[in-house]
Amino acid sequence: MKRRFANAVEGIYSQRRFDEKFFKGFISNIKLQNITNPLIVNNGKERVCIKDNNYEWFEVYPDNSNYAITIMFDDKKNLIEWYFDIAKQVGIENDIPFEDDLYLDMCVLPSGERIVLDEDELINALNKGEIQQSDVDLAYSTIKMLEEKYVENFDKLVDFTNKISELFASECRVVKKTNNIVNEKV
């Protein structure tokens with residue numbers, strides 16, 4: 001299991017603590033710069049660039065949770081995806097948010113489709129003795145909770161993202177129109 005810090009990505013980094021009705025925890029904003037090699041990944045459905053110059057990420061670390069969310073926008077402020085890292089714990093070290101990665105991840109596309117990723121990594125970690133069965137159970141129960149909270153209530157995820165963008169005064173925004181998600185520059 002590895003610890004991943006919010007400020008590990010190159011770019012202009014800022015973070016804020018929020019104690020709002022809709023969210024309590026830390027949110028980091030990263031405006032990616034000086035990227036020499038764009039990062040293109042397979043999100044479980046297709047290959048997509050998630051990291052390049054002038055892309056913007058919001059990394060969300062809710063209090064008392066077992067997950068972190070990275071909300072990714074391209075250089076034109078179009079939503080790429082929501083990426084949920086399942087974590088053994090989320091916390092703060094030296095004033096920087098972190099998550100202890102539990103291997104299992106979930107990607108939610110702008111269409112609302114969800115893709116669970118890296119189950120093989122979770123099982124391999126269990127088989128190697130790096131984690132316990134209780135960690136596997138925690139990872140799957142967290143995925144189930146996130147599906148109920150955000151995938152089954154997709155409007156809530158869109159609204160949450162728009163509020164974060166407003167709090168950081170970013171131009172990134174997701175707007176829902178007639179059962180389709182479209183991206184709009186505000």
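The model is predicted: local features need pLDDT of at least 70, side-chain atom pairs count only at pLDDT 80 or more, and totals for chains, interfaces and linings use all residues. Residues are numbered from 1 along each chain as its sequence is written, and side-chain values use heavy atoms, with hydrogens and water left out.

We may start with the open spaces. Rolling a probe the size of a water molecule over the atoms shows where empty space is left. Here a pocket is an open set of points on a 1 Å grid over the protein atoms alone, where a 1.4 Å probe fits, with protein on both sides within 12 Å along at least five of seven lines; lining residues have an atom within 4 Å of a point. A volume is the space filled by probe spheres set on the points, which are joined across faces, edges and corners. The largest pocket has a volume of about 530 Å³. Its lining comprises 23 residues, and Arg4, Ile50, Tyr83, Asp85 and Asp105 are the closest to its centre. Two or more lining residues come from each of β4 (39–42), β5 (47–51), β6 (56–62), β7 (67–73), β8 (79–93) and β9 (96–108), these elements being DSSP runs numbered from the N terminus (helices H or I, at least four residues; strands E, at least two). The largest share, four residues, belongs to β9. By type, the lining of the largest pocket holds nine nonpolar, three polar and eleven charged residues (nonpolar: Ala, Val, Leu, Ile, Met, Phe, Trp, Tyr, Cys and Pro; charged: Asp, Glu, Lys and Arg; polar: the others, Gly among them).

The second largest pocket has a volume of about 170 Å³. Among the residues that line it are Phe22, Pro62, Tyr67, Tyr150 and Phe160. Helices α2 (133–151) and α3 (154–167) each give two or more residues to this lining, and the largest share, four residues, is from α3. The lining of the second largest pocket has six nonpolar, no polar and four charged residues.

Contacts of Phe84 (heavy atoms within 4.5 Å) include Ile69, Leu104, Leu146 and Leu157, not counting residues up to four places away in sequence.

Helix α3 has 14 residues and reaches 20 Å from its first C-alpha to its last, close to the 20 Å expected at 1.5 Å a residue (1.5 Å times one less than the number of residues). Its buried residues include Leu157, Phe160 and Ile164. After α3 comes Ala169, with a positive phi near 55°.

Notes:
Buried means under 20% relative accessible area, exposed over 50%, partly exposed in between (1.4 Å probe, protein chains only).
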